[in-house]
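Please have the sequence and the model open while reading.

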Amino acid sequence: MIPELGHFTLILALCLAITQAVVPLVGSYTRTISWMAASRSLAWGQFVFLAISLAILTYAFLGNDFSVIYVAQNGNTKLPDLYKISAVWGAHEGSLLLWACMLAAWSVAIAAFSRNLPLEMVSRVLSVMGMVSIGFLLFMLLTSNPFDRTFPAPFEGGELNPMLQDPGLAIHPPLLYMGYVGFSVAFAFAIAALMGGRLDGSWARWSRPWTTIAWVFLTLGIVLGSWWAYYELGWGGWWFWDPVENASFMPWLIGTALMHSLAVTEKRGAFKSWTVLLAISAFSLSLLGTFLVRSGVLTSVHSFAADPERGVFILMFLLVVIGGSLLLYTWRAPYISGGGRFDLVSRETFLLGNNLLLAVFAALVLLGTLAPLIYDALELGKISVGFPWFNRMFLLTTPFLALLMGVGALSHWKHAEPSLFVKQLRVAFIISLLFGLLSLLPVFSAGNWLVGLGMGLAMWVASSHLVNVRDRLKNKRGFAGFWLDFKTGGRSYYGMILAHLGVAVFIVGITLVSNFGREEDVRMSPGDVSEIAGYNFTFEGVTQVSGPNYNASRGRFQVSKDGEHVATLEPEKRAYFVKTMPMTEAAIDWGLTRDLYVSLGEPLGGGDWSLRLYYKPYVRWIWLGGFLMGLGGILAVTDRRYRTSRMRSAKTADTANAAPAVSGG
Amino acid sequence: MRTFFLTLMFLLILPSSHASTLAEYTFDEPGKAEDFRTVTEEMRCLVCQNESLAGSNAELAVDLRNEIYDMMKAGRNKDEVIDFMVSRYGDFVLYRPPLKPSTYPIWFGPLIVFLIGGVVLFRILKRKSLTRETKLSTDEQHRLDDLLEQSTDPRDNNQ
Amino acid sequence: MNQYLRYSIPLFVFAVIAAFLYKGLGMNPREIPSPLIGKSVPEFSLPTVEDAETIVKSDNLLGKVYLLNVWATWCVSCRAEHQTLVHLSRSGKVEIVGLNWKDDRDKALSWLNRLGDPYVINIFDKKGRTAIDLGVYGAPETFLVDSKGVIHYKHAGPISMELFNETLLPMIEDLKRKG
């Protein structure tokens, strides 16, 4: 009975979504205040019903209700509670429910924190969100209902995929979805603005914090996913350019461009039509990613070739949402005013350059991801485009991005005084050139130009931003001066600095680990010692252990360097009871400057094992960089500026009940 | 059947975590081991579809690895191994598309994308800073802008 | 008008992508076309399933149009396909040569005893070396070979009567006519 209730609330949510899409929109054209105002309560109602649905599905998992097909496929009585909960979004139907629930949550957030926005704008934004929601709820109800039942109910469930039974993966998808779905807010703002022809600075100011928050979620989600792939898949890699990875990376690239473009539009009124296009593209790419993953048109491990019906539905949905919004764009964009002028040497120019680079990079990733499909469709033969190609594209794009980032940080809006500008650039340039050359010395890399380039660029990004901070604090007194500046409206500035330093950290990590990483495949008997990058790994043999829902072989290694004990590592190879696929659990001794990584291969008889040993210098900097970017984003949205400007605009806004806005969320 | 398809949306890659090792493949010749690794890492395991030949434990992958190992042991080089694989399984096995006329779009297309980006940048900048050298005051600038905008109107052509 | 044209570029790009995606829905990304089509069956010299002493060479198969069917007892879909093969061989429309891939001789023999033997010759490829030469990546797979030993068609997955009648039979008749 209870699962039917979940199904029922899902249908109710759909009804509310339809109302939310239609009533406020009509009201915004007929100027019917009550119709527009209804948008907020409708968003709340939809959220409540979807939350109930999600709670019921969770309850079904916790109570092992295998009469629900979805629970029977992914749940199991022996599964630890944490994974019973993460199994809720561990497969197709449930992940859609989570997605829809998050969309409703974002709508509620808009309803709650938009007291200062014109009611007309709010109602149109929420109406667009309602339209997106209709698509997802229909998709779920028509093709992928998580509450479908089976009779008789099986006694035991099929278990969540063992690969997903990991704490990191329990929270990775929700973070990622928050990012994807979050871009729907920027999208809805852009569409609402196109509808009303109201594309001014205030539109950009409203969208900015929302976009940044979504971007932060997406960044952290990708970082977490990459980290998970690193320790869970047992081959020491952290990015493989798989279609599914690309599906998350493209919206990130465009989202990054959007964030910066919004800054220009807000501050300078420039790039308006470009910003709108980016807002549409970021969300479109999120949806396109859904299609690619769900429809089975690409050879990803988890494609749905078995279910083209779903693919057809999503494609129709894409046509309506993306096609419709681009059509609106074509119709309205020519009337968007040009915005402020700027000089050739100005921050606008460099931001525009980087925006285009990010867009080009995203286009390349899209090209590489779709190329096999295009070749097949045009009967040009079956090809694969994998990591060697993508890595080359990465190498082709990122150096320019990093170069422009440094220049952009030091330039001023509208017009940068060349003499001062060159002086500042010179300092940063000399430092980074020296640093790059230094890294080419025989002791470091023996002339490996990739290392020189990477280190030089990282230093360029870091030093140019630090020079900028120095200039900003020139007339302020020491740390106290910095702290005052930080507190009084400098947060978004320091957020930007932090995020960009994150990029520098990321470049250092990627340069060092790809050029100095060592890996060794060895066969070892108990008692054997293998050396890698100066570390001695002593193999002490393998013992059998058992977990709640698996049995495992656990190896034991003592690692030492120069006779001193460094770590004890215990990698496992697990066999799960239900899904019998073997899983490797790598053992990692992590550190800021290096990871030592062991994973078990195969038993070779007589107590011998084949093993993979890795030495990964500075690999943590890759995720540390991503984390700093996310942290920078968080700093930026908590800037006082948003709060004060909200209060200010609240007075002029045409909402009758303008309450003081709460913080930047 | 659907149970078999793991369905997590937008999850990062999920090749089987059943990573294999290359411990059994040893070479006397220096550099050969490195070549062997590169070749097998840049080839697709055909049955797993998104795992490399080096990383997979599927039976076919093991067979193919052994085959490649035997070839390289017998003195064949990287290119010969690639030819061997392509003549049997097609370009599909290669993660790095081979350079030939049909793949020119993949390898040179990106340059065109860059070019388009460059042209767009150039055009915007040209429009935005058209009057940089004239050093007009803001008022003059605005008037000039208005004039320029008018003159793009076809009706004003003969003025 | 020119203005609209410029701003419709994104819409146009999306339309192209959507067209490809639509086409993609109808394609199977797991099917790998064989580069061996138009080429000769690779040379081999292998025993038969029935007798380890009888050696079959690739040349022995010249002179007739036949289907080369890769099968194994560990392959679930081969079981599904087997009835079709038996039916086809009884119809006499085409001869079927078997390539038993990485299998156990006794298991293979008992399978043939129980389910019927549709093969005129059954080659035993224990190591799977010839299968690699044929670019086999799964079982069952079926090749259509002409009398000169040239491969004309490859199908990955079980053969259905529908596929045989609609695709294979016209090609077989055509090849037989040409000799």
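## A helix pair in chain A

At what angle do the axes of helix H5 and helix H6 of chain A cross, and within what distance do they come? The model is predicted. In it, H5 of chain A covers residues 92–112 and H6 of chain A covers residues 119–143. Their axes come within 10 Å and cross at roughly 170°. Angles over 145 degrees count as roughly antiparallel, so H5(A) is roughly antiparallel to H6(A).

On the H5(A) side, the residues making the contact include A:Leu96, A:Trp99, A:Leu103 and A:Ile110. H6(A) contributes, among others, A:Val125, A:Met129, A:Phe136 and A:Met140. By class, the residues of this contact are 17 nonpolar, two polar and one charged.

## Chain C as a whole

Chain C contains six helices and seven strands, in the sequence order α-α-β-β-β-α-β-α-β-α-β-β-α. Its radius of gyration is 21 Å, well over the 16 Å given by the globule rule for 179 residues, so chain C is more spread out than a compact globule. The C-alpha trace of chain C spans about 80 × 35 × 30 Å along its principal axes.

Of the 179 residues of chain C, 35% count as buried. Taking contacts in chain C between residues at least 6 apart in sequence, 75% link residues at least 24 apart.

## Where chain B touches chain C

Between these chains, 13 residues of chain B are in contact with 10 residues of chain C. On the chain B side, helix H2 (59–73) and helix H3 (78–89) each supply at least two of the residues. That side of chain B is made up of seven nonpolar, three polar and three charged residues.

Note on methods:
Residues are numbered from 1 along each chain as its sequence is written. Chains are lettered from A and ligands numbered from 1 in the order in which they are written. This is a predicted model: local features need pLDDT of at least 70, side-chain atom pairs count only at pLDDT 80 or more; totals for chains, interfaces and linings use all residues. Helices (H or I, at least four residues) and strands (E, at least two) are DSSP runs, numbered from the N terminus. The radius of gyration is taken over C-alpha atoms; the globule rule is 2.2 Å times the number of residues to the power 0.38. A residue is buried if 20 or more other C-beta atoms lie within 10 Å of its own, exposed if 12 or fewer, and partly exposed in between; C-beta atoms are placed from the backbone. Two residues are in contact if their C-beta atoms, placed from the backbone, lie within 7 Å. Ala, Val, Leu, Ile, Met, Phe, Trp, Tyr, Cys and Pro count as nonpolar, Asp, Glu, Lys and Arg as charged, and the others, Gly among them, as polar. Axes are lines fitted to C-alpha atoms, for helices over the stretch in contact, and angles run from 0 to 180 degrees between N-to-C directions. Angles under 35 degrees count as roughly parallel, over 145 as roughly antiparallel, 65 to 115 as roughly perpendicular and the rest as oblique.
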